[in-house]
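Here is a friendly walk through a structure with several chains. Please keep the sequence and the 3D view open while you read.

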Amino acid sequence: MLSKLFFGYFAVIMVALSLLVITRRNPVHSVLWMLVLFFHIAGLYLFLNAEFLAAVQVILYAGAILVLFLFVIMMLNIKVEITAERFIGEWPIGVALGLSILMLIYFTTSKLIQGPAGQFSIEAIKAETHTKALGKVLYTEYLFPFEIASLILLIAIVGAIVLAKKRG
Amino acid sequence: MNIPFPDLRPVTPEIIMTLSATALLILELIFKNKGVLAFIGILAAAAVMYIMPASMGETFGGMFISDSYSIFFKFIFIINLILTILISLRYIQRQKAEYGEYYSLLLFATAGMMLMASAKDLIILYLGLELMALSTYILAGIKRHDVKSNEAAIKYFLLGGFSSALLLYGISLLYGMTTTTDIYKIAEHLKATGVTTTLLLSMILIAVAFLFKIAAAPFHMWAPDVYEGAPTSITAFMSVGPKAAGFAVIGRVFYTAFQNIQTDWTTILIGIAILTMAVGNILAIVQTNIKRMLAYSSIAHAGYILLGIIAGTTEGLNAMMTYLFIYAFMNIGAFAIVIILDRGEELSDYEGLAKNRPLVAALMLVFMFSLTGIPPTAGFIAKFNLFTAVIKAGYTWLVIIAVMFSAISAYYYLRVVMNMYMKEMKQEAAIHLSPSLSLAILITVLMVLIIGIMPSMVIG
Amino acid sequence: MNPQIDKMTPGSYIPTDYLPVLIFMMIAVAFGAGTLLVGSLFRLRRPYKEKLTPYESGNPPVGEPRYRFSIKFYIIAMLFVIFDVEAVFLYPWAVVYNKIGLYALIEMMLFIVILLVGYAYAWKKEAFKWD
């Protein structure tokens, strides 16, 4: 019961925070709400027994990516942002669409039949510790995706410099 | 722990491709002359093409598979890469976007497509898709000081991001149902559990992501703006490569993982195919910019090619692959003509071209005929082959619709020809000829004509 | 149904190990909010114009406090994110290194070499230079 309560808290607060992020007029406020949101996501990961992911969420999202967001926002002209008209005026249509998609997802996923359990039960992970369990799988079974990920990171470096660096 | 070293032979083409792309990135820092980089890029592509047939096999615990299906698609990607490099060489100089990274990114994008075609695991599939997509976003915006190019990159990036998110949601639902990401294991498991609404939702989400990549209606909105804004050489690249990669994935994932709901996805794809053909062909008529027109034309072609998937037979799949192969030549050929002209982006620029530049006009005529599907060009063979396969699968009514839309398409393709041959010349058309561009046009026009005359080369 | 799965459904697991973290965060929030609250209860409020102007070491403030940042910040932040991700990958690798051995060394070297190319590229393109 207590655990359900916690999960409910995270779920409700995350939706509320997401709404705050997209409705604030001042983009800096949006980013700060997003910081709170990221911490809640990390909390949710903890409740799903994904400790390492929670740590990554805090280090990467709350740490690095949020700073990137802030810098990008400060590159924009905030005063104009605050006074400008909103991008999309037809919010009732958006709300209706969103709600219908929500209904659709609810009614389909509530019928989800879970597949067979894997080898990593809560006890198994507890015995092995999260990071070890993750590392063992990532660096043996998932070695190939891991190497492709490095290429994607390389592309990101190239992209940032090609598109944003002043050329002499 | 004792882990067997993975068999690298099946991935050698991808390894060579990424190594060359990385090498180009370093060489870019050394060489001032970017033409050298283009040459190295072509050499790498040729090397990959040479060793590809020997790369059959599975590796990385069955995550990656190199079979005749993926190898055929990889041929299309590499042809696309080589032709794109050839048409870019002088063009990006003219556009003041001659960065060495350009070639490196082209190679990375191609490596991503190759991974997509070979993916047997949804994780590889997703990473390949992102590798391809991220490189293309950057390439679309590589004309940094051109507002339209920026707009193209941003639009493609935002919508591409949404489609990736949908794909991931679909994959996560699939994983929840089967607790595996291996496509064949998913198929096995789903056969045992039967059809659920969750399965349908996940199929639809995955379909949307790839229909976005192939620019099928109603997920085509980005295509005209992106195709118009991106540098023309990149437009040529995007209209063939990512599209073929999307079809490669649809062909593999839908035929294996979603085998037990084939009737469901066939029904959806029939609707999408008809809508795509209608939107592409009808909206192409009103375009005045040739790049936009070719964008709608590429949407329309995606509609035709979808029929090959709908057919649900090996013959249909083969016809789809042949179509994509031929489409690569005729489409890049048409874009090469747009590039050769100094001012060739508006339809009115083509008025009276036949009197001024008879050879250029004649070449454009060949490509336009081929895109319409008029014999004796390759485009006719592609369509004929595809439509026969679809009729054999029992969808005669669908082929009738497709032929009707093909007839409509003649209007806008032949309008270009009309402009060139029947209208008065307004001004002298200047052209920019370069050896590499001539070579690209020579290859494409020869392939279009040879396949058109001797179809046995690609069929069978 | 497999009992193991039932345990994994959302809201069925409590990470009790993290209770101290939760308490710590609650204390942190309470301390921040509490000091502000106490301050607002006891401080005197006598605002006048000079007192309300932003403090600029005694000089009268000139212009807007918010101005457009240079795009250089963006590149630095972007590179930071990328190498941060690399560091995150290194962490579980270091934990399991003694279990996997040479195999792990080779794959991580490959990963790092690829990113090293990116680093060399960024360096040569003067992405780390400020002016």
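The report below takes the chains first, then their contacts, and ends with a helix pair.

**The chains**

Please bear in mind that this is a predicted model. Chain A has eight helices and zero strands, and along the sequence its pattern reads α-α-α-α-α-α-α-α. Chain C is built from five helices, with zero strands; from its N terminus the order is α-α-α-α-α.

The table sets the two chains side by side.

| Chain | Residues | Buried residues |
|---|---|---|
| Chain A | 168 residues | 24% |
| Chain C | 131 residues | 16% |

What is the radius of gyration of chain A, and what would a compact globule of 168 residues have? Chain A has 20 Å, whereas such a globule would be near 15 Å. If you follow the C-alpha trace of chain A along its principal axes, the spans are about 55 × 50 × 25 Å. Take the contacts in chain A between residues at least 6 apart in sequence: 52% of them join residues at least 24 apart.

**A loop residue in chain A**

You will find Gln114(A) in the loop between helix 5 (91-109) and helix 6 (122-128) of chain A. Is Gln114(A) exposed, partly exposed or buried? Gln114(A) has 15 C-beta neighbours inside 10 Å, so this residue counts as partly exposed; the partly exposed class lies between 12 or fewer neighbours for exposed and 20 or more for buried.

**Where chain A meets chain C**

Chain A brings 50 residues into contact with 47 residues of chain C. On the chain A side, the elements that give two or more residues are helix 1 (2-23), helix 2 (27-47), helix 3 (51-75), helix 7 (130-138) and helix 8 (143-164). Helix 8 of chain A gives the most to this side, with 13 residues. Sorted by class, the side of chain A that touches chain C holds 36 nonpolar, nine polar and five charged residues.

**Where chain C meets chain B**

Here, eight residues of chain C are in contact with six residues of chain B. Helix 4 (71-100) and helix 5 (102-124) of chain C are the elements that give two or more residues to the chain C side. Which helix of chain C supplies the largest share of that side? Helix 5 of chain C does, with six residues. By class, the side of chain C that touches chain B has six nonpolar, no polar and two charged residues.

**A helix pair in chain B**

Finally, turn to helix 10 (residues 232-256) and helix 13 (residues 314-340) of chain B, which pack with their axes 8 Å apart at an angle of about 170 degrees. Angles over 145 degrees count as roughly antiparallel, and helix 10 and helix 13 of chain B are therefore roughly antiparallel to each other.

Conventions. Residues are numbered from 1 along each chain as its sequence is written. Chains are lettered from A and ligands numbered from 1 in the order in which they are written. This is a predicted model: local features need pLDDT of at least 70, side-chain atom pairs count only at pLDDT 80 or more; totals for chains, interfaces and linings use all residues. Helices (H or I, at least four residues) and strands (E, at least two) are DSSP runs, numbered from the N terminus. Two residues are in contact if their C-beta atoms, placed from the backbone, lie within 7 Å. Ala, Val, Leu, Ile, Met, Phe, Trp, Tyr, Cys and Pro count as nonpolar, Asp, Glu, Lys and Arg as charged, and the others, Gly among them, as polar. The radius of gyration is taken over C-alpha atoms; the globule rule is 2.2 Å times the number of residues to the power 0.38. Axes are lines fitted to C-alpha atoms, for helices over the stretch in contact, and angles run from 0 to 180 degrees between N-to-C directions. Angles under 35 degrees count as roughly parallel, over 145 as roughly antiparallel, 65 to 115 as roughly perpendicular and the rest as oblique.
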